[in-house]
Amino acid sequence: LIIVGVSLYVWKENNTNKLQYQLGNWFSKAIEYSDNNELDLSLEYLDKIIEHSHQQYAALAYLNKAAIMVKQNKIDDAKKVLLEMERHKHFSPVFRELAQLTYLSYELKNANFEYKEASEALEKMTKENKAWRLSSLQLKALYDIKNNKIDDAKKSLKEILASKQATRSN
């Protein structure tokens with residue numbers, strides 16, 4: 001039993017290492033193709049990674065896929081990719097929140113955006129313990145300005161200015 005157990009463990013570790021190597025290789029190729037403006041080839045490699053959505057590499061693949069789709073002016077497709085990524089609960093919350101923030105930034109450009117839904121989502125993302133808090137406050141201010149809620153926008157911007165984590169770029 002010990003020999004079988006150790007053999008299974010070694011086999012599993014070996015397969016995991018091979019998969020990680022393959023995912024890294026595909027990711028490198030996707031980035032290389034993207035840098036060379038061969039976007040369709042880049043998307044093919046990113047889709048291969050996304051097929052292994054239980055791996056954290058897939059979160060990076062989703063984000064890069066959305067960025068490439070934006071380059072191709074396929075904003076609606078990019079938003080779908082980001083929403084799909086956000087539904088994967090096993091991804092790090094930081095990645096999922098970044099997907100949501102990016103989605104909401106694309107949605108801001110939509111003439112028919114839902115202010116209430118966006119505002120509620122951004123309210124959650126502007127909590128003290130959130131990784132993308134300052135960026136969320138900036139986006140919330142933009143939503144408020146677009147919805148003619150100037151006082152709310154000022155409140156968000158003042159929070160950024162008062163934050164100890166704020167940098168000059170914020």
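This is a predicted model: local features need pLDDT of at least 70, side-chain atom pairs count only at pLDDT 80 or more; totals for chains, interfaces and linings use all residues.
1. The contact between the two helices is made by Q20, L23, G24, F27, I31 and S34 on the α1 side, and by Y57, L60, A61, N64, I68 and K71 on the α3 side. The axes of helix α1, which covers residues 2-35, and of α3 come within 11 Å and cross at roughly 15 degrees. Since angles under 35 degrees count as roughly parallel, α1 and α3 are therefore roughly parallel to each other.

2. Helix α3 (residues 57-71) also packs with helix α4 (residues 75-86), and here the axes come within 8 Å and cross at roughly 165 degrees. An angle over 145 degrees counts as roughly antiparallel, and α3 and α4 are therefore described as roughly antiparallel to each other. The crossing of α3 and α4 is left-handed. From α3 the contact takes in A59, Y62, L63, K65, A66, M69 and V70, while α4 contributes I75, D77, A78, V81, L82, E84 and M85.

3. Is M69 buried or exposed? With a relative accessible area of 11%, M69 is buried, because the limit for a buried residue is under 20%. Leaving aside residues up to four places away in sequence, M69 touches K74, I75, D77, A78 and V81. The C-alpha atoms of M69 and I50, which are 19 residues apart along the chain, are separated by 15 Å.

4. N73, in the loop between α3 and α4, has a positive phi of about 65 degrees although it is not a glycine. N73 counts as exposed, its relative accessibility being 63%. In the loop between α1 and α2 (39-50) lies N37, a residue other than glycine whose phi is likewise positive, near 60 degrees. N37 is exposed as well, with a relative accessible area of 57%.

5. Helix α7 spans residues 133-146, and its 14 residues reach 20 Å from the first C-alpha to the last, close to the 20 Å expected at 1.5 Å a residue. Which residues of α7 are buried? They are R133, L134, S136, L137, L139, K140, A141, Y143 and D144, and these buried residues pack against α5 (93-108), α6 (115-125) and α8 (150-162). Just after α7, N148 takes a positive phi of about 60 degrees.

6. The buried residues of α8 are A153, S156 and I160. Seen down the axis of α8, these buried residues fall within an arc of 65 degrees, so they line one face of the helix. What covers the buried residues of α8 includes α7. The face of α8 turned away from its buried side carries the exposed residues D151, K155, K158, L161 and A162.

Technical notes:
Residues are numbered from 1 along each chain as its sequence is written. Side-chain values use heavy atoms; hydrogens and water are left out. Helices (H or I, at least four residues) and strands (E, at least two) are DSSP runs, numbered from the N terminus. The expected span of a helix is 1.5 Å times one less than its number of residues. Buried means under 20% relative accessible area, exposed over 50%, partly exposed in between (1.4 Å probe, protein chains only). Contact means heavy atoms within 4.5 Å. The arc is that of the directions from the helix axis to the C-beta atoms. Axes are lines fitted to C-alpha atoms, for helices over the stretch in contact, and angles run from 0 to 180 degrees between N-to-C directions. Angles under 35 degrees count as roughly parallel, over 145 as roughly antiparallel, 65 to 115 as roughly perpendicular and the rest as oblique. A crossing is left-handed if the near helix is turned anticlockwise from the far one by less than a right angle, and right-handed if clockwise.
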